[in-house]
Amino acid sequence: SLYEHADYALYQGKRERRGTVTLFSEKDKAQIRRNANIEQALRLADFDRELSVFFQPIVRLEDCQPIAFEALARWHSAVKGTVAPMEFIPAAERMGIINQLSVILLKKALQAAATWPSEIRLSFNLSANDINTSEGMAQIVQVITHSGMCPSRLDLEITETAVLQDLEKSSQLVSTLRQLGCGITLDDFGTGYASLSHLHALPLTRIKIDKSFVADIEHNAVSHKIVKSLLALTHDMQLACVVEGVETPAHLQSLRELGALYGQGYLFSVPLAAEQVQAWLAAQQAGTLQREPSLR
Ligand code: C2E
Ligand code: MG
Ligand code: MG
């Protein structure tokens with residue numbers, strides 16, 4: 001038990017608190033129980049049936065029109081009910097079964113995207129294992145090439161933490177996707193440990209500024225400056241930039257003033273079930289939602 005607790009504290013320390021002391025607490029004990037619970041439910045799951053994909057629009061901030069949807073995994077476990085992706089994705093990663101989930105989710109996402117207008121892109125989150133192992137990547141590539149969708153309509157989102165597990169390997173594998181024609185997005189930018197040299201090493205086409213910088217952008221001068229600098233950086237590097245977590249008209253206003261071009265967030269839409277996407281697009285096109293989102 002002591003060994004297990006020490007190992008858990010070491011893992012937490014490496015993940016979140018590098019270079020400091022990490023103490024194992026009651027909170028960690030509860031988290032271990034929760035993790036074991038989720039892992040047990042994952043072992044019993046019928047992924048094809050229980051996993052689904054929701055879609056959240058990414059819009060042009062100028063007129064709030066959609067340019068893409070991000071696929072977001074949802075799991076309704078027969079044993080545990082609905083489990084959030086922030087819980088089951090890391091659990092599947094720990095268990096070494098995330099590839100299996102990614103393949104099922106990507107197939108479902110591509111299937112849904114095939115019914116959308118061809119100018120609307122699909123964005124899909126890859127996990128660390130997908131981009132750090134040749135087998136994982138081979139499976140992803142196979143799903144894409146067998147889907148019939150043009151790879152240039154697809155953006156694959158990767159995170160700094162996933163990339164940093166093995167920068168050389170992941171940049172080499174991600175290049176395979178880029179050569180196929182897919183766009184590569186660095187997700188949650190600004191929250192990880194990436195240095196600018198990492199940005200340089202990866203074949204990126206797009207960056208997503210993390211929602212934590214937007215939450216208080218109109219009150220917090222530091223957040224405002226960070227978003228401004230990140231926009232300038234991506235502009236100089238000729239990368240497209242999507243700002244996450246646009247929740248209020250004031251956020252939208254601040255971002256427009258800063259010259260941000262694309263955004264995503266509850267102000268435009270929450271993630272939608274696949275069946276709701278067509279209706280949402282139709283409503284946008286019919287112009288019923290063309291007024292400012294604040295007036296809806
Ligand atoms: P992410 O890729 O950064 O996705 C954005 C998250 O922010 C989503 O949470 C979305 O529902 C939420 N969000 C959207 N708009 C707003 C907003 O205005 N305000 C706030 N506060 N949040 C907003 P979700 O769906 O719970 O997903 C959480 C994370 O789980 C994702 O973060 C991603 O890292 C991971 N994830 C989700 N689906 C997949 C998947 O299919 N594969 C992998 N590997 N990871 C996934
Ligand atoms: Mg994402
Ligand atoms: Mg994100």
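This is a predicted model: local features need pLDDT of at least 70, side-chain atom pairs count only at pLDDT 80 or more; totals for chains, interfaces and linings use all residues.
Q: Which residues of H9 are buried?
A: The buried residues of H9 are Ser170, Ser171, Leu173, Val174 and Leu177.

Q: Why would residues three or four places apart in an α-helix point the same way?
A: An α-helix has 3.6 residues a turn, so residues at that spacing point the same way.

Q: What do the buried residues of H9 pack against?
A: They pack against helix H6 (128-132), helix H7 (134-147), helix H8 (160-164) and helix H10 (196-201), and also against the strands E5 and E6.

Q: Switching to the metals, which residues are the protein donors of the magnesium ion (ligand 2)?
A: The donors of the magnesium ion (ligand 2) are Glu70 through OE, Asn125 through OD1, Glu157 through OE and Asp187 through OD, and they lie 2.1 to 2.3 Å from the ion. Along the sequence, these donor residues are spaced E-x54-N-x31-E-x29-D.

Q: What does Asp187 bridge?
A: Asp187 bridges the magnesium ion (ligand 2) and the magnesium ion (ligand 3), and these two ions lie 4.0 Å apart. Glu157 lies in strand E5 and Asp187 in strand E6 (residues 183-189), so the pair ties together parts that are 30 residues apart in sequence.

Q: Are Glu157 and Asp187 buried or exposed?
A: Both Glu157 and Asp187 are buried.

Q: Which residue meets Glu157 in a salt bridge?
A: The side chain of Lys208 meets that of Glu157 in a salt bridge, at 2.7 Å from N to O. Lys208 belongs to strand E7 (residues 206-209) and Glu157 to strand E5 (residues 154-159), so this pair ties together parts that are 51 residues apart in sequence. Both Lys208 and Glu157 are buried, and a network of salt bridges links Glu70, Glu157 and Lys208.

Q: How many salt bridges are there in the whole structure?
A: A search of the whole structure finds 8 salt bridges. Among them is the one between Arg49 and Asp46, whose side chains meet at 3.2 Å from N to O. Another joins Asp63 and Arg60, with the closest N and O atoms 2.9 Å apart.

Q: Why does Arg49 count as exposed, and what about Asp46?
A: Arg49 counts as exposed because its relative accessibility is 64%, whereas Asp46, at 34%, counts as partly exposed. In the other pair, Asp63 is partly exposed at 30% relative accessibility, and Arg60 is partly exposed with a relative accessible area of 31%.

Q: What about aromatic pairs, how many are found?
A: The search of the whole structure finds 5 aromatic pairs. In one of them, the rings of Phe55 and Trp116 have their centres 5.1 Å apart and their planes at 90°, so the pair is edge-to-face. This pair links distant parts of the chain, with Phe55 in strand E1 (residues 51-60) and Trp116 in the loop between helix H5 (98-113) and strand E4 (121-125), 61 residues apart. Both Phe55 and Trp116 are buried.

Q: Why is the pair of Phe69 and Trp280 edge-to-face?
A: Their ring centres lie 5.9 Å apart with the planes at 75°, so the pair of Phe69 and Trp280 is edge-to-face. Phe69 is in strand E2 (residues 65-77) and Trp280 in helix H13 (residues 274-285), 211 residues apart. Both Phe69 and Trp280 are buried, and ring pairs link Phe55, Phe69, Trp116 and Trp280 into a cluster.

Notes: Residues are numbered from 1 along each chain as its sequence is written. Chains are lettered from A and ligands numbered from 1 in the order in which they are written. Side-chain values use heavy atoms; hydrogens and water are left out. A salt bridge is a side-chain nitrogen of Lys or Arg within 4 Å of a carboxyl oxygen of Asp or Glu. Buried means under 20% relative accessible area, exposed over 50%, partly exposed in between (1.4 Å probe, protein chains only). Helices (H or I, at least four residues) and strands (E, at least two) are DSSP runs, numbered from the N terminus. Donors are N, O and S atoms within 2.8 Å of the metal (3.2 Å for Na, K and Ca); water is not among the atoms, so sites may look incomplete. Contact means heavy atoms within 4.5 Å. Rings of Phe, Tyr and Trp (its six-membered ring) pair if their centres lie within 6.5 Å; planes under 30 degrees apart count as stacked, over 60 as edge-to-face and the rest as tilted.
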